[in-house]
Amino acid sequence: MTFLHPEFIYLMLPVLFILFGLLLTQRAPQEQFFSLDALAKLRVDTNRLSAKVRNVFYFLMFVFIILALADPVIEGGRAKVKAEDGALYIAFDVSRSMLCEDVYPNRLSSAKQQVLALLNSSTSAEIGLLAFAQNSYLVAPPTRDHALLHFLFKPLDNGTVSAQGTNILTLLKAVDRLGKEGAEKRALIVTDGGDNPDFSQEIAYAKKHRIRVYTLGVGTAEGAKIPEAGGGHVLSNGKPVISRLNSGLNTLAEASGGKAVAADSMRTLLGKSSADGSEAEAKAIYYHLFILPVGFAMLMLILATSSFSRGEKYYLPTLMVMGLLLLQPEPLRAGLFDYKRLDEAKSAYLNEAYSKSSSVYHQYALENENREAIYNAANGYYRAGRYIEAAGLYESIRFVEAEKNHQLYHNLGNALARLGSTDELKKAVTAYQKALQFGDDQATRENLEQVEEALQKREDERRYRPEPTSPLAAGLKNADGSPNSGSQKQMQASVGLNDAEVGMSDREADKWFRRLNQHQSAMLTKIEVENPEEGNEHEKPW
């Protein structure tokens with residue numbers, strides 16, 4: 001056992017010993033005027049606990065409180081956790097010059113497609129979205145919900161802001177304000193660079209505030225005319241304005257510690273947050289025991305404030321033990337050693353004792369309502385060939401993380417497909433489709449195609465003979481792409497799942513989202529910074 005905060009022991013226990021040492025050794029006031037023999041004759045013997053004994057209980061109570069503050073723990077193992085980089089802020093230029101058509105169909109549309117492809121390429125990176133022109137606006141704070149980012153980013157266009165220009169210094173101030181103070185920030189700026197010939201101010205600010213700038217230049221060196229909304233082009237002194245890609249963007253990126261990136265290399269910015277660049281570090285899993293010293297402290301308080309007679313002193317140890325048992329709830333007594341049960345279940349699964357593993361996981365899940373344990377129990381049932389139990393458990397849980405939901409629905413589809421009846425195969429198709437909504441992978445698509453082919457074949461055969469009862473031929477793949485090793489024996493049974501979804505159906509939801517996309521407009525929140533006009537000296541209103 002160790003303490004996570006031993007400083008409480010070092011700082012508070014010595015002070016407690018000194019104070020109670022003085023308290024316990026101090027003589028009572030009456031002892032200064034009477035002898036002990038005289039006091040013994042004058043006192044009425046109440047046959048109760050003495051003041052010193054009560055002070056000892058109070059002393060022990062404070063000792064246990066300090067131990068609880070120190071947070072005693074036991075280590076229940078170590079888990080590998082992905083070490084991820086900080087959030088990546090994608091800043092998108094929505095100034096008027098982004099409408100130039102020197103890239104097809106124009107700079108704005110081309111850049112949007114590249115950013116949307118980046119959002120679709122990762123499921124774990126934490127990304128925040130900004131839009132900027134003369135001022136900077138928050139589209140979405142850092143999040144791993146890339147479907148939400150896609151939804152909010154898609155309607156961005158030049159009409160979402162009124163003040164035109166390309167003020168990158170104000171953008172860097174906004175990134176610094178949004179990021180953690182003192183921490184390194186990363187910003188991918190998607191822009192044509194504006195008219196600023198010298199980014200020395202921006203470089204100095206980025207270095208001072210630890211902002212690593214990456215740039216994706218949009219446009220060409222030859223440039224193009226800036227179209228007007230009502231037709232024609234933007235004029236300056238009677239001549240069309242030509243907007244060109246600012247070559248200073250490369251200098252800004254390299255001087256700040258970042259780099260200029262191309263459309264096909266943006267995914268490298270996700271670093272350790274991406275699926276193929278992730279690294280894992282081992283972190284300890286602790287079981288906290290602070291409730292035990294808190295229980296002891298409460299028991300000491302009860303004893304100190306109770307009126308036990310001296311004749312009852314022999315019962316105090318028994319009462320203390322009984323009090324500890326009453327104060328310690330049953331879930332806690334079981335929970336202190338839960339990690340041993342989970343290790344046992346994991347070991348059984350690795351040794352292919354799937355029935356034992358699923359039984360332990362299932363019992364633990366019923367006692368603690370733990371979704372991870374239910375999921376592990378379902379995996380064990382599936383490996384043991386008990387597909388009905390596996391499908392029922394998969395159907396009973398949902399996760400917050402998209403990746404876990406993808407695995408969940410993929411495995412649910414496999415379990416339903418193994419059952420083999422037409423109804424289960426149809427449910428398997430729905431499960432695979434939901435899995436693909438949370439994450440796209442080849443194994444899920446191949447399994448979906450196999451099940452759809454089997455359904456089509458049965459539909460064709462129904463015209464000539466009754467529906468076959470043999471299950472789908474083995475060929476399903478696990479979510480990681482490896483061949484499935486489930487049982488091949490024929491079995492046909494009803495899973496007992498309810499086809500009705502709570503709320504709207506998938507078809508209604510798709511219809512609603514399509515209608516919402518058609519009428520959606522970007523909602524931007526302006527980020528207030530100090531001296532927002534700084535950096536506009538060379539910028540033109542386009």
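Helix 1 supplies the largest share of the nonpolar surface patch, four residues. Helices here are DSSP runs of H or I with at least four residues, strands are runs of E with at least two, and both are numbered from the N terminus. The model is predicted, so local features require pLDDT of at least 70 and side-chain atom pairs count only at pLDDT 80 or more, whereas totals for chains, interfaces and linings use all residues. Residues are numbered from 1 along each chain as its sequence is written, and side-chain values use heavy atoms, with hydrogens and water left out.

The patch consists of Phe 8, Tyr 10, Leu 11, Met 12, Phe 62, Ile 65 and Leu 69, which together have about 670 Å² of accessible area. Two or more of its residues come from each of helix 1 (7-25) and helix 3 (51-69). Patches are built from residues with over 30% relative accessible area and no salt bridge; like charges are joined within 9 Å, and nonpolar side chains (Val, Leu, Ile, Met, Phe, Trp, Tyr) within 5 Å. A salt bridge is a side-chain nitrogen of Lys or Arg within 4 Å of a carboxyl oxygen of Asp or Glu. Accessible areas come from the Shrake-Rupley method with a 1.4 Å probe, and for residues only the protein chains shown count as cover. Leu 11, in helix 1, has a relative accessible area of 63% and is therefore exposed; the classes are buried (under 20%), exposed (over 50%) and partly exposed (in between), with a 1.4 Å probe and protein chains only.

Rings of Phe, Tyr and Trp (its six-membered ring) pair if their centres lie within 6.5 Å, and the planes count as stacked under 30 degrees, edge-to-face over 60 and tilted for the rest. By this rule there are nine aromatic pairs. Phe 64 and Phe 296 are stacked, because their ring centres are 5.0 Å apart and their planes lie at 25°. This pair joins helix 3, which holds Phe 64, to helix 9 (residues 291-304), which holds Phe 296, across 232 residues. Phe 296 is partly exposed at 27% relative accessible area. Tyr 409 and Phe 438 also form a stacked pair, with centres 5.9 Å apart and planes at 5°. Tyr 409 belongs to helix 16 (residues 402-419) and Phe 438 to helix 17 (residues 422-438), so the pair ties together parts 29 residues apart in sequence. Tyr 409 is buried at 7%, while Phe 438 is partly exposed at 31%. Ring pairs also link Phe 17, Phe 20, Phe 59 and Phe 62 into a cluster.

A nonpolar core is a set of buried Ala, Val, Leu, Ile, Met, Phe, Trp, Tyr and Cys residues joined through side-chain atoms within 4.5 Å. The largest has 34 residues, of which Tyr 394, Leu 412 and Val 451 touch the most other members. At least two residues of this core come from each of helix 13 (354-368), helix 14 (371-383), helix 15 (387-395), helix 16, helix 17 and helix 18 (442-461). Beyond its neighbours within four places in sequence, Tyr 394 has contacts (heavy atoms within 4.5 Å) with residues including Tyr 375, Tyr 382, Leu 408 and Leu 412. A separate core of 32 residues includes Ile 90, Leu 118, Ile 127 and Tyr 214.

Overall, the protein has 19 helices and 13 strands, and 42% of its 542 residues are buried.
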